[in-house]
Amino acid sequence: MSTMLEIQGLTKQFGQFTAVEDVSFSVGSGEVLGFLGPNGSGKSTTMKMVTGFLSPTSGTALVCGNDVTRDPITVKRHIGYLPEGAPLYEDMSPAGLFGFVANVRGLSGAARRLAIDHAVTKLQLDEVYNQQIGTLSKGFKRRVGLAQAILHDPDVLILDEPTDGLDPNQKHQVRELIAEMSADKAIVISTHVLEEVDAVCSRAIVIARGKKIADGTPTDLERRSGYYNSVSVHLHPEHIEGLRGALSGMNDISGIEVGNSDGVLAQVTVMSREGATIVEAVNTRIRENGISVEQLYVERGRLDDVFRQITSDGGAR
Amino acid sequence: MSTLLAISRRELNAYFSTPLAYVFIVIFLALAGATTFYFGGFFQRGQADLAAFFSFHPWLYVFLIPAVGMRLWAEERKSGTIELLMTLPVSTTEAVLGKFVAAWFFTGIALLMTFPIWITVNYLGSPDNGVIFAGYVGSFLMAGAFLAIGSFVSALTRNQVIAFVISAAACFLFMMSGLEPVQSAFRGWASAFVVDLVASLSFLTHFDAITKGVFDLRDFIYLSSVIGVFLFANVVVVDLKKGS
C-alpha cells in the first residue's frame, strides 16, 4: 500500500477564527477514509485546502508526492473532487459538462470518448445525458457531480458528502461505486452519516473544532463506546429482577441498563467494563439460573454514541 | 492554451444558452441604428462616413457591456461552481483570460453584425474605409476595456445586479473624465497637469482619436493597458475571494 495523499500540519485561519488546526494524516492506495465531524468542524475546509481551492495558512498536503502549495495544477490533475452540495453549471447538459471537464483535463480523441462513456455508464446517466442539469432531480445532480469527479480516473478521490440528499437506493449505489473504485485509489469521503463509515470506510478520522481527535478503523472507534462488547438480552419484564440477581457479583460488568419494553419483551443491556468479553459468562449464568430469554446478542458498540462522546466534550479522549 | 480555449468555449456557450445573448444583440443593434439615424443625423450630415455611428458607441457600451460582464464571476460565486472550476487543473490567470476572451468575442459578434451600416454608407457614397476600419478596431478595443472593468467588478460580488450597477458607474466615470463637468470640477483647484492627467484617462478622448482614423499608438496602448490592469486586478480578486 503506497501513500497517495499525505496531509502535514494543515491549518487554516479566517481572521481570528481557526477553522482547521494542525491536522495531519495520510491515506494509501486502496484505502477509503471516512472523514467525520459535526457540521462546521472543518471537514470541508480541509478538503478545500487539499484540492487547492483554498490556500492553507500553514502546513501542506502532498498528493502523489506533489505539494499543493507549490504545484497546485499538478495536484489538481491527480485529484477527482466532488465539492459540498455538488455545484454544477445548471444551464449545461451532462454531455456539455463532461465535454468541458474532459477538455480542461486534456483528454482528447478516443480516450475522451471512452472516459465519458465509462463515467456515464457507471453512474447510469444515459437517460438524462442531454437534459439541462438545472432540471434534474437532486439524485441525478449528485451523480453528475460524481461522474465529473471520476472522469479522468484520478489517483485520489475526494468526495464531500457524496450521499447527502440521496434516497436509500441511491446511497447504496454510490457506496457500491466507492467500494468498487477503492482498489487502486485513495478515497476520502466526508460525512456525518455514521452508518456510511461502517458501510464503506476502511478507516475513519474524527475532527471537531478543527482538530483531529480520533483516527482508526471503524472497529477501533466502536471500541471506545461504552456499549462495546456489551450484551443485549431480550426477555419478559418479569424476569428482569431474576437476571439482575444472576449477574450480581461479576467483575467485568459495569452495570445493567433496562431499555424499552413493549409489554411482552423488554430489552436489557448488560454493560461490559472496559470492553471485556462477557458474553460467555453472562450466557452461562443465565442458563445456570434458568432464566428464560428470547434473544441474546453482543453489541458491536455504537458509533453515534462514540461520535457524540468525543465531539462534545471539548475533544478530550 | 487549450485549457483557456476550453473555458472560453464553455463561457461562450453559456451566453447563448440563455436569452441574454439574443436580447443583448437585438438591443445593441436597435440602439446603434436608432442613435445613428435619429441623434447622429446620419442622412442630414450628408457625409460619407460613420462618425455618426461610432460616436454613440461609448454611450451604448456604458450600460450594455456591464450586462455582458456582470455574470462572469458573480454567477460562479453565487452558485458555487467556482469551486468546481478552480479545482480543475486551471490557473486563475487562465480562468480570468478564458472568461474575458469569451465575453469579448461575444461583443465582437454583436459589433460585426452592424455591417449593414457599412454597406449602406458604401452604397450611398465613397467613404474612407480605412477610417471605418479604424473605428471598428477602436470600438472593439473600448468594449474590451469596459468588459475588463465589468469582469473585475463581477469578481467583487456574488450579486449580479450589484455588479452591473457598479461597473456601469465605473465605466461612466472613466468615460466622463474627459468632459466638461468633470474637468471643471478639477480645474477650480488642481494644476493644469492634474486636469490634463484626468482628461487623458478618458475613454472618449482616446476613442475619438481612433475613430477619426488617427492611428496614434498611445491610444492603443491606453486601451490595452486598461484591459491589462483590470484583468490583473481581476486575477488578484478571484484568488482573494474565491473561498469566501
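**Close-up views of the pockets, interface and cavities**

**View 1. The largest pocket draws its lining from chain A and chain B.** In this predicted model, 21 residues line the largest pocket, and those nearest its centre are Gly52(A), Phe53(A), Leu54(A), Ser55(A) and Lys242(B). The elements that each give two or more residues to this lining are β1 (3–14) and α2 of chain A and α15 (217–241) of chain B, and α2(A) makes the largest contribution, 3 residues. Helices (H or I, at least four residues) and strands (E, at least two) are DSSP runs numbered from the N terminus. The space in the largest pocket comes to about 350 Å³, a volume being the space filled by probe spheres set on grid points that are joined across faces, edges and corners. A pocket here is an open set of points on a 1 Å grid over the protein atoms alone, with protein on both sides within 12 Å along at least five of seven lines, whereas a cavity is a set of points where a 1.4 Å probe fits but cannot get out; lining residues have an atom within 4 Å of a point. By class, the lining of the largest pocket holds 10 nonpolar, 7 polar and 4 charged residues, where Ala, Val, Leu, Ile, Met, Phe, Trp, Tyr, Cys and Pro count as nonpolar, Asp, Glu, Lys and Arg as charged, and the others, Gly among them, as polar.

Residues are numbered from 1 along each chain as its sequence is written, and chains are lettered from A and ligands numbered from 1 in the order in which they are written. Local features need pLDDT of at least 70 and side-chain atom pairs count only at pLDDT 80 or more, while totals for chains, interfaces and linings use all residues; side-chain values use heavy atoms, with hydrogens and water left out.

**View 2. Chain A and chain B meet in a contact that takes 22 residues from chain A and 24 residues from chain B.** Contact means heavy atoms within 4.5 Å. The two chains bury about 2200 Å² between them, with 67% of it on carbon and sulfur atoms, buried area being the accessible area (1.4 Å probe) that two parts lose on being put together, summed over both. Of the area that chain A buries against chain B, 32% is supplied by Phe53(A), Tyr89(A) and Val104(A), more than any other three residues.

View 3. On the side of chain A that touches chain B, the elements giving two or more residues are α2 (72–78) and α3 (94–104) of chain A, and α3(A) gives the most, with 5 residues. That side of chain A has 13 nonpolar, 4 polar and 5 charged residues.

**View 4. The second largest pocket is lined by residues of chain B.** About 220 Å³ of space lies in this pocket, and its lining includes Phe105(B), Trp118(B), Phe133(B), Tyr136(B) and Phe140(B). Helices α8 (92–112), α9 (115–124) and α10 (129–156) of chain B each give two or more residues to the lining, the largest share, 5 residues, coming from α8(B). The lining divides into 10 nonpolar residues, 1 polar residue and no charged residues.

**View 5. The largest cavity is lined by residues of chain A.** The rule gives 3 cavities of 30 Å³ or more, and the largest cavity holds about 50 Å³ of space. Among the residues that line it are Leu5(A), Phe25(A), Phe35(A), Met47(A) and Ile158(A). While β1 and α1 (43–50) of chain A each supply at least two residues of this lining, α1(A) gives the most, with 3 residues. The lining has 8 nonpolar residues, 1 polar residue and no charged residues.

**View 6. Glu196(A) lines the second largest cavity and forms a salt bridge with Arg175(A).** The closest N and O atoms of the pair are 3.0 Å apart. Glu196(A) lies in helix α7 (residues 194–200) of chain A and Arg175(A) in helix α6 (residues 168–181) of chain A, so the pair ties together parts that are 21 residues apart in sequence. About 40 Å³ of space lies in the second largest cavity, whose lining has 1 nonpolar, 3 polar and 3 charged residues.

Note on methods
A salt bridge is a side-chain nitrogen of Lys or Arg within 4 Å of a carboxyl oxygen of Asp or Glu.
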